[in-house]
Amino acid sequence: MIVYGDARSGNCYKIALLASHLSLPLEWREIDVLSGQTRQPWFLRMNPFGKLPVVQLDDGTYLAESNAVLIHLAQHSTWWPTAPLDQARVLQWLFWEQYSHEPYIATSRFWLTISGRPEAFRAQLADRHPGGNAALDVLDAHLATHPWLVGRSPTVADIALYAYTHVAHEGGFDLAPRPALRAWLQRMQDTPGHAAMRSPGPHWSPPQGPMA
């Protein structure tokens with residue numbers, strides 16, 4: 001499996017984290033989003049959405065959208081529940097993550113930590129922080145009475161929400177008042193197979209030829 005990703009991205013980290021838990025070998029190809037690599041013709045042939053991550057499966061098939069990749073990879077593992085209702089509850093968290101969590105937590109982190117121009121986004125940050133804090137409060141309240149997001153063991157819902165939540169402080173969010181959330185983060189880190197977010201490596205470029 002080949003992962004085209006940005007090591008700083010929580011969406012890309014989700015794939016690497018689940019692969020580590022499943023002992024799936026992967027080749028990581030670091031893509032430079034800020035220089036516009038995801039808008040190049042060779043990239044758009046892999047993913048017309050022009051977004052990371054993109055995974056090339058062992059049969060050569062490309063699959064995009066981080067949570068779709070999680071579901072595909074987790075099939076027939078403990079990270080994807082067998083009960084239909086639990087599967088629906090996992091999907092519920094995945095949809096919520098992309099609509100009510102990631103747009104606030106991840107975007108704030110990008111502006112503050114990755115963009116290189118944090119001062120340019122001060123007004124936007126003030127607009128995003130209420131939504132991000134509301135999302136973190138939802139997680140903390142749920143985790144105060146549940147060890148995991150769905151069921152009695154971690155699922156891809158936990159992978160998806162862990163990815164950006166564990167670096168929420170890089171977006172200016174304070175996790176100290178949320179003890180249940182912090183305890184869950186620690187449980188995730190203590191789970192066998194856990195892997196930390198990797199450091200960015202050299203940017204990958206396609207060889208000259210048909211792909212380019």
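1. Leu161 is buried, with a relative accessible area of 0%; buried means under 20% relative accessible area, exposed over 50%, and partly exposed in between (1.4 Å probe, protein chains only). This is a predicted model, in which local features need pLDDT of at least 70 and side-chain atom pairs count only at pLDDT 80 or more, while totals for chains, interfaces and linings use all residues. Residues are numbered from 1 along each chain as its sequence is written, and side-chain values use heavy atoms, with hydrogens and water left out.

2. The residue Leu161 lies in helix H6. Helices (H or I, at least four residues) and strands (E, at least two) are DSSP runs, numbered from the N terminus. Not counting residues up to four places away in sequence, Leu161 touches Trp93, Trp96, Glu97, His101, Leu139, Leu149 and Trp184; contact means heavy atoms within 4.5 Å. The C-alpha atoms of Leu161 and Gln98 are separated by 9.4 Å, although these residues are 63 residues apart along the chain.

3. How many residues of H6 are buried? The helix is mostly covered, with 10 of its 10 residues buried. Among them are Val156, Asp158, Tyr162 and Thr165. The cover over the buried residues of H6 includes H1, H3, H4, H5 and helix H7 (179-190).

4. The structure holds 7 aromatic pairs. Rings of Phe, Tyr and Trp (its six-membered ring) pair if their centres lie within 6.5 Å; planes under 30 degrees apart count as stacked, over 60 as edge-to-face and the rest as tilted. Why is the pair of Tyr13 and Tyr162 tilted? The ring planes of Tyr13 and Tyr162 stand at 45°, with the centres 6.4 Å apart, so the pair is tilted. This pair links distant parts of the chain, since Tyr13 belongs to helix H1 (residues 10-22) and Tyr162 to helix H6 (residues 156-165), 149 residues apart. Tyr13 is buried, at a relative accessible area of 3%, and Tyr162 is buried at 1%.

5. Trp93 and Trp96 form an edge-to-face pair, 5.4 Å from centre to centre and with 90° between the planes. Both residues are in helix H4 (residues 84-114); because they are 3 residues apart, Trp93 and Trp96 are separated by about one helical turn. An α-helix has 3.6 residues a turn, so residues three or four places apart point the same way. Trp93 counts as buried, at 10% relative accessibility.

6. His142 is placed in helix H5 (residues 122-143). With a relative accessible area of 19%, His142 is buried. Leaving aside neighbours within four places in sequence, His142 is in contact with Trp93, Trp148 and Leu149. Over the face of Trp148 lies Arg187, at 5.6 Å from the ring centre; a charge sits over a ring if NZ of Lys or CZ of Arg is within 6 Å of the ring centre and within 35 degrees of the ring normal.

7. The UniProt record (unreviewed entry) places the feature "domain: GST N-terminal" at residues 1-81; UniProt positions are given in the numbering used here, feature names are shortened, and annotations may be inferred rather than shown by experiment. Over residues 1-81 the chain is 35% helix and 17% strand.

8. In what order do the 4 strands of the open sheet lie? The order is E2-E1-E3-E4, with mixed pairing; two strands pair if DSSP finds at least two bridges between them. Strand E2 (27-30) and strand E4 (62-64) are the edge strands, each pairing on one side only. Strand E1 (residues 2-5) and strand E3 (residues 54-56) run antiparallel and are joined by 3 bridges. Val55 in E3 is the bridge partner of Val3.

9. Most residues other than glycine have a negative phi, and most peptide bonds are trans. The peptide bond from Leu52 to Pro53 is cis, with omega near 0°, and Pro53 lies in the loop between helix H2 (41-46) and E3. Ser23, in the loop between H1 and E2, has a positive phi near 55° and is exposed, with a relative accessible area of 62%. Glu65, in the loop between E4 and H3, has a positive phi near 70° and is partly exposed, at 28% relative accessible area.
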